[in-house]
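Please open the model in your viewer and keep the selection tool at hand. The tour below goes from one selection to the next and says what is there.

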Amino acid sequence: MNPMDTELHQAVAAWDETGWPRPRVVLVSGSGLAVDLGDPGGRESDLADWLPFETHQIEGHPLKVQLLTADPGRPVLYLKGRLHSYQGYDAHQTVFTIRLAAKLGARVLIMTNAAGGLRRDQRPGDLMLIRDQINLTGLNPLRGELPADWGPRFPDMTEPYSGRLRALARDIARDSGIRIGQGTYAAVAGPSYETSAEVAMLRRSGADMVGMSTALEIIAARHMGLECMALSVITNLAPGVGSGGVSHEEVLQEGKEASARLQSLLAALLAEVSLIESKRRPRA
């Protein structure tokens with residue numbers, strides 16, 4: 001058995017030993033965006049408990065795992081914080097939690113991230129649905145010999161982000177009076193922020209926002225058959241678009257200020273998506 005597959009099987013077995021129900025939906029929060037979405041009722045642990053490698057803390061990412069079960073039969077796996085390749089993790093380690101969620105039976109992945117705005121009509125605090133991505137990290141979690149049952153060797157990425165889920169999110173935002181846009185997300189390696197020349201290049205390439213996460217996780221999720229949606233919070237305007245520099249503290253502060261709207265949108269979205277998924281037959 002592939003060593004990575006062995007590690008995932010062990011993590012699945014450890015999950016089942018807890019007696020926690022298996023989730024059909026998984027949510028991953030970005031920098032400073034770990035909003036409160038309900039009481040996990042004791043079903044909370046450290047992310048490190050589920051990983052076969054050491055974790056490194058970074059500000060804005062609690063690295064907690066919660067199982068939200070407010071609605072019986074509709075559990076949601078909530079990963080509060082994520083791993084980034086710039087912390088020293090390889091591509092496979094970065095997406096381990098996504099593959100674990102898929103092995104547990106999750107069918108839908110919803111993600112949030114903090115992103116730099118690349119358009120002059122954007123403002124810090126704006127919410128943007130990701131409709132496509134440009135992976136500029138230099139990494140891909142599908143490299144190497146992966147187990148055949150994880151997915152096809154050359155997965156189709158025509159629609160990495162579900163049009164159905166984006167439409168649902170837009171409907172919920174409209175009914176809640178929340179302004180929301182759409183755009184293409186460029187993923188870069190980080191951890192340094194982009195230069196003005198790099199921002200100019202990204203804008204010419206068609207990107208609307210830029211960040212240091214999400215793309216690898218979406219590739220792994222689509223490879224394993226998950227339907228995906230991601231929401232960026234514009235926490236700053238990139239150099240050459242806005243005035244002044246960029247700091248991690250600024251990113252966290254803007255994420256905190258957008259959290260009320262984000263919490264309202266995610267709560268309604270999770271309720272709707274988990275209801276839909278509870279009516280679908282589990283994968284064999």
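Begin by selecting Arg153 and Phe154, where the charged end of Arg153 sits over the ring of Phe154, 6.0 Å from its centre (this term asks for NZ of Lys or CZ of Arg within 6 Å of the ring centre and within 35 degrees of the ring normal). This is a predicted model, in which local features need pLDDT of at least 70 and side-chain atom pairs count only at pLDDT 80 or more, while totals for chains, interfaces and linings use all residues. Residues are numbered from 1 along each chain as its sequence is written, and side-chain values use heavy atoms, with hydrogens and water left out.

Next come the aromatic pairs, of which a search of the whole structure finds 5 (rings of Phe, Tyr and Trp, the last by its six-membered ring, pair if their centres lie within 6.5 Å; planes under 30 degrees apart count as stacked, over 60 as edge-to-face and the rest as tilted). Select Trp20 and Trp50, whose ring centres are 6.0 Å apart with planes at 50°, so the pair is tilted. Trp20 lies in the loop between H1 and S1 and Trp50 in the loop between strand S2 (44–46) and strand S3 (64–68), 30 residues apart (helices are DSSP runs of H or I with at least four residues, strands runs of E with at least two, numbered from the N terminus). Both Trp20 and Trp50 are buried, meaning under 20% relative accessible area with a 1.4 Å probe and protein chains only, where exposed is over 50% and partly exposed is in between.
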